[in-house]
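Dear colleague,

I am handing over the structure we spoke about, with notes on what turned up when I went through it. Please look at the model first and then read on.

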Amino acid sequence: MTTDIFARCRSYTDARAARSAGLYPYFTRFEGSDATIAQTPMGEVVMCGSNNYLGLTSDPRVRAAAHSAIEEYGSSRTGSRLLNGNVSLHEELERDLADFLGMPAALVFPTGYQANLGAIASLVSRNDVVIIDREAHASVYDACGMSPAKVWRFAHNDMEDLERRLASCPPDANRLVVVDGVYSMAGDLCPLPETVQLCRKYGARLLVDDAHGLGVLADGRGTSAHFGMTEQIDLITITFSKSLASVGGAVLGPEEVIDYLRHHARSLIFSAAAPPASLAAARAALGILRDEPWLCRQALENASYVHRELAALGYDPLPSEAPIVCVPFESAVPAMFAWRSLMERGVYVNAVLPPAASPRLRASFTATHTPEQLKRAVAAFAEIRELTPPEWALEDFAAQGAA
Ligand SMILES: Cc1ncc(COP(=O)(O)O)c(C=O)c1O
């Protein structure tokens, strides 16, 4: 029996086991400012693990915008937008985002995570029901945890299950359905037409987290535009940390809802505003996206090339309609070993492990990957195809009680 809250840290062995087996895939140090090449302690790698879908983090126009925002506003406003943190960049970006996505109004948050927390946790209350796709992003789960509403999950993209849940809502309960537009752990899309139809039938509002659809689908206008139904979506949340080459997030929806969130979203009110440089970078990236939609198509084409090549090599990449290529593994150690083997061959991808999702390597591609870099990634996958983790790694890992 212990009363020490640190006891759980001492009994946490997973990371230790992975490190001692030489298979720890997290917190790698990446140096350099190129979107597609990075320096790591294991050598130079082709970066196939960022969400920099348009490759705009290294675009000179985006960098210049960030530089001049620092000159104009300094490094930070050191306060919440509600009080001293609001700058004209916030409002210009909100107008640009609403205009680009075809939504009535937008509200910029310090991060996309906070946009989800703010939108969901401040709109639902006791006696309300939130129904979320089982594979919704962690920020959606965390937002639900902050609210006293009932939270029900439906099986991933399963419309029959969604309907069952909607049908069992108490008659007087307000309902919110939350889905991702693009599910980032595979690259599959939400069946938006059917989802919208069910929400209409059962009087539920619909929030689409389009973190991975913005800048990718429908010339960058996202999943709702892809299905031609933006006008039927109640709320969209986005992040600037993927295609918009920055940090920050936003909620888009009706003006009255946005004004309500402006005054009730705790993740906005009680957290410092995103730095001006981040806002300016996102705004510049949005301008480039609007003017150069070929970038979205190039990112998709690069990923579908790799998807095809990996399938031809005998891998079984998950179906994807985004610049994301996921290769599933039966268990954690083989996935981590494959991750390390790719690193040794100069290719970085994300190792995804439970509880985030079942074990897989998640590669993501940008518009600015060169054909040579894509070939290098495919060649590395080809080389590691037949490799299996050494027995000692499996034993060492198992001995420490890790998955
Ligand atoms: C689907 C989804 N929603 C929200 C977020 C949070 O965005 P941010 O990085 O801006 O906090 C992410 C980022 O991983 C995401 O993938």
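Across the interface of domain 1 and domain 2, seven residue pairs are in polar contact, both residues of each pair being at pLDDT 80 or more; a polar contact is a pair of N or O atoms within 3.5 Å, where within protein one atom must be able to donate a hydrogen and the other to accept it, and where residues adjacent in sequence count only if both atoms are side-chain atoms. On the side of domain 1 that touches domain 2, at least two residues each come from α14 (294-312), β10 (324-328) and β13 (360-364), and α14 gives the most, with four residues. Helices (H or I, at least four residues) and strands (E, at least two) are DSSP runs, numbered from the N terminus. That side of domain 1 divides into 14 nonpolar, four polar and five charged residues, with Ala, Val, Leu, Ile, Met, Phe, Trp, Tyr, Cys and Pro taken as nonpolar, Asp, Glu, Lys and Arg as charged, and the others, Gly among them, as polar.

Please bear in mind that this is a predicted model, in which local features need pLDDT of at least 70 and side-chain atom pairs count only at pLDDT 80 or more, while totals for chains, interfaces and linings use all residues. Residues are numbered from 1 along each chain as its sequence is written, and side-chain values use heavy atoms, with hydrogens and water left out.

As for the two domains themselves, the assignment for the protein chain, with bounds from an automatic or database domain assignment, gives domain 1 as 13-53 + 293-399 and domain 2 as 58-291, and their C-alpha centres lie 28 Å apart. Contact (heavy atoms within 4.5 Å) involves 23 residues of domain 1 and 24 residues of domain 2. The area buried between them, meaning the accessible area (1.4 Å probe) that two parts lose on being put together, summed over both, is about 1,700 Å², and carbon and sulfur atoms give 57% of that area. One salt bridge is counted between the domains, the term standing for a side-chain nitrogen of Lys or Arg within 4 Å of a carboxyl oxygen of Asp or Glu. The side chains of R297 and D219 meet in a salt bridge at 2.6 Å, N to O.

Turning to the ligand, there are 14 residues around it, of which G112, Y113, D209, H212 and T239 come nearest; a residue is near if one of its heavy atoms lies within 4 Å. A polar backbone atom of G112 is 2.7 Å from an oxygen atom of the ligand, and a polar backbone atom of Y113 is 2.9 Å from a ligand oxygen atom. A nitrogen atom of the ligand is 2.6 Å from an N or O atom in the side chain of D209.

D234 is found in the loop between α10 (223-226) and β8 (235-239), where its side chain makes a polar contact of 2.9 Å with that of R205 and reaches the backbone nitrogen of L206 at 2.7 Å.

Finally, two backbone details: P354 and P355 are joined by a cis peptide bond with omega of about 10°, and F27, although not a glycine, has a positive phi of about 55°.

Best regards
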